[in-house]
Amino acid sequence: MKGLTKNLVLVLAIAVVLTGCKQPTQLIDDAKAAIEDVTKAGADKYAADDLKKLNTDLTAALDEVNAQDKKFLKKFGTAKEMLTKLKTDVDALKAALPAKIEAAKNAAIQLQSEAKAAIDEAKALLAKAPKGKGTAKDIEAMKAELTGAETAFAEIQTALDAQDYIGAADKAKSIKEKAAAVVSQVQAAIEKKK
Amino acid sequence: MKTLSRTRGALLLGSLFFVCSCKTPLAPPEAQQAEVLDQALWRSGASFYAQENYVQFKQSLKSAKEKITREKAKFGWFRDYEPVRAEFRELLQNGEDLLAKVEGLKSSKSKYYSEQTAALSARIERLKQMTDYFNENGPVRKSLAQAEIKLSEAGLLLQKEQFESMGNYLSDSMTFIRQAEQAMMDVLSRYMDRKELEKWRRWADETIVESKAKETIAILVNKLERKLTLYKKGVAVGSYDIGLGKYGLSDKLYSGDEATPEGRYHIIRKIPSSPFYKALLINYPNEEDQKAFALAKNKGLVPAETGIGGYIEIHGGGKDNLTKGCIGLNDRDMDEIYRQAEVGTAVTIVGAVSVEKTILADIKKFEKNG
């Protein structure tokens, strides 16, 4: 009986060794598929840094698999843990993605407001800018430039409506920058007049 | 007891056999290297920049991995990874080449789009500088601002290495640049008309010849160059910078159009104290102006209830002021002209007399260089 127990332990030990020898292929495939899914869901646009980290983690896990594969006694336990954690992280990102998209939307809306504020500031400055000697022509040119920025401003909403929040944010940034440039020019014109 | 020993022996042998199976031969390390390379390719955007090659790589990788799986299914003693190893080596080489190709493609795209962006930016800047030559630059500057915004958006994409949409943004920017150029040509095309130039040149020559023949003072205003030249007995004795109206480069047609008339006039009154320092009133509208106005009125080109206008002066107050169609000068220059001009002094206002050294030469150069 005692001998039988010993034999059973031995068989179990061999089974453990055998199981340990096998690469966690299924886990690798699952992790890759999950990353691909979350990428398609918009992680490349709205969670680029998180996605990059996941890919780095995947590479690390694959490195671990590779390292174990070269050993006489293979222990894929760590790699499995890494891959399981990776899968959990991907799932977490997938769950968090709608919130991140919402945050990108809010950031774009915020930038839209900032662009509007910059246009309004430029408008207000232009309204009180001196139109006398040396500035009248410049002021007219700046007004025309601001009209161009105002025309482009409508495109932000179009991008927001199309759920292109990154594009909307980029547009808003560019318009804000242009309006800010007009503000600087008007201020320079006011200084010139003093 | 004997049976137990045999069982034990068989188990030991079995485990030794499995240990040996795990030991020999090992799966080729190239398989893992190929996985890592696949990640690098994915991250570099190979699926976008070299889709066909990348799909090919993935298929080859899948096929090679399947071969490894098949080999692994065999007993250790019968495993032979060499053929698949060779396959993986080739795959790795192809993958490395593909990665280099993708990186090269991205680098060349980045360089190309950077150059395109810089070229468009320079073009916008040059056009902006050109608008300094004329007051009617509102539509040009509006389009240029829109072009700048599109270019700025393209710049943000360039920073993010998102080249796929860049072409559209640069194309949009170019569309606005072309609109700006068209708006500029709408104002200046008249100045590039040979017949108009000949007419203005003839007026200028006649004015100078008369000044010489009659030994009088004459004033020649060149709108495009924004210069007023004072002639004495046919010789230029002074040249002064001037300012014009909001639509100064257009020929005045009716009241309130803020354009400066073109034609041969003379001073009809000297005004020593005017809201614009000192002023010299000219005889606008002359006979030709009245004919042109009547013709335009008949064609419906003049707003209803609008007259031909008048009170066109050469006055002080500053050359940088936007006038309502008059010719503005700095007060010190006005003093000089006022002192020398008399009632009856010829005042000839032309659009331009030559293309050289004017915005027109720049436009020609610009059109040539694209």
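**View 1. Domains 1 and 3 of chain B have C-alpha centres 88 Å apart.** Chain B is divided into domain 1 (2-105), domain 2 (116-190) and domain 3 (194-356), with bounds from an automatic or database domain assignment. This is a predicted model, where local features need pLDDT of at least 70, side-chain atom pairs count only at pLDDT 80 or more, and totals for chains, interfaces and linings use all residues. Residues are numbered from 1 along each chain as its sequence is written, chains are lettered from A and ligands numbered from 1 in the order written, and side-chain values use heavy atoms, without hydrogens and water.

**View 2. Helices H4 (residues 77-128) and H5 (residues 136-161) of chain A cross at roughly 160°.** Helices here are DSSP runs (H or I, at least four residues), numbered from the N terminus. Axes are lines fitted to C-alpha atoms over the stretch in contact, with angles from 0 to 180 degrees between N-to-C directions. H4(A) and H5(A) are therefore roughly antiparallel (over 145 degrees).

**View 3. Follow H5(A) from end to end.** Just after H5(A), A:Gln163 takes a positive phi of about 60°.

**View 4. Now meet helices H2 (residues 29-44) and H4 (residues 51-73) of chain B, whose axes come within 11 Å.** These axes cross at roughly 155°, which makes H2(B) roughly antiparallel to H4(B). B:Trp42 is one of the H2(B) residues in this contact, and B:Tyr54 is one of those from H4(B).

How values were computed: Helix = DSSP H or I, 4+ residues; strand = E, 2+ residues; numbered from the N terminus. Parallel < 35°, antiparallel > 145°, perpendicular 65-115°, else oblique. Expected span 1.5 Å × (residues − 1). Contact = heavy atoms within 4.5 Å.
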